[in-house]
Amino acid sequence: MGTEIIAHRGYSAIAPENTRPAFLAAIEHGAHSVEFDVQLSADRIPVIFHDITLERTAGVSGNLGDYTLAQLQQFEIGTWFHPQFAGTPILTLAQTLEILEPIEHFIYLDVKPHCHWQPEDVAALLELLQTTGWQQRSILCSFSDRFLQQVRDCTQEFTVGYSIATADRYLPKLEQAAADGNAVTICEYHILLDRPEWVQQSRDRGVEAIAWTVDLPEDRQRSIDIGIDRIITNKC
């Protein structure tokens, strides 16, 4: 396949992030995989949304986690991006899995670290992915070691992703990923461009290094040149 192009929150350069239009645009423009953000509503339903608060994209005060799914479905998250997307709703994970069925390779679920998952929430998430046929094509990513350990307490069958935003965290997280045996690193791309030897070092440990969020053509080419095979981008 060559380089795997992963659409960040869908094709978020041309459509509002984490929405049906962004996911459909990613499919239409040939993204191999799609990344999106997951957190829980007040009634413990996984929904697709990035921020802690609703203000930036929904124009509503308060935290997403304080609202039930029924309440969240009254809001729209398209107008902030462009008026043509007015009325675009917040999606559930179940709806998103249906939309993304045509995706060729993987979905990357970025489970937000501010969201507190109970063991029964994690079990329900894994069951949904299993029963809808996504188990082998899902990568469960998070900055939360607690969440990733909760996944491992349930199963070794899902690939997990250790999210990394600073260079000092890379090698410790690489050790965790290597010890896990079924894991990748999801790393802010400048870290890897500045330390290209870490890409091969990771691969030698059986861990694929995935770079985010690479939008400039020259940065994409540099990433490919140092051996990064999976690139998360806003621009498919």
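Guide: A residue is called buried under 20% relative accessible area, exposed over 50% and partly exposed in between, with a 1.4 Å probe and protein chains only. This is a predicted model, in which local features need pLDDT of at least 70 and side-chain atom pairs count only at pLDDT 80 or more, while totals for chains, interfaces and linings use all residues. Residues are numbered from 1 along each chain as its sequence is written, and side-chain values use heavy atoms, with hydrogens and water left out.

Visitor: Why is Cys187 called buried?

Guide: Its relative accessibility is 0%, and the limit is under 20%, so Cys187 counts as buried.

Visitor: What makes Cys236 partly exposed?

Guide: Cys236 has a relative accessible area of 24%.

Visitor: Which residues of helix H9 are buried?

Guide: H9 spans residues 197–204, and its buried residues are Trp198, Val199 and Ser202. Helices (H or I, at least four residues) and strands (E, at least two) are DSSP runs, numbered from the N terminus.

Visitor: How do you know that these three are on the same side of H9?

Guide: They cover an arc of only 110° around the axis, which puts them on the same side of H9; the arc is taken from the directions from the helix axis to the C-beta atoms. Their cover includes helix H7 (170–180), helix H8 (189–194) and strand E8 (208–212). Just after H9, Gly206 has a positive phi of about 80°.

Visitor: Why is Arg9 called buried?

Guide: Arg9 has a relative accessible area of 14%, so it is on the buried side of the cut-off. Arg9 belongs to the loop between strand E1 (4–8) and helix H1 (20–28). Its phi is positive, near 60°, in a residue other than glycine.

Visitor: What makes the pair Arg230 and Glu4 a polar contact?

Guide: Their side chains are joined at 3.4 Å. The rule asks for a pair of N or O atoms within 3.5 Å; within protein, one must be able to donate a hydrogen and the other to accept it, and residues adjacent in sequence count only if both atoms are side-chain atoms. Arg230 is in strand E9 (residues 230–233) and is buried, with a relative accessible area of 16%. Not counting residues up to four places away in sequence, Arg230 touches (heavy atoms within 4.5 Å) Glu4, Ile6 and Phe106, among others.
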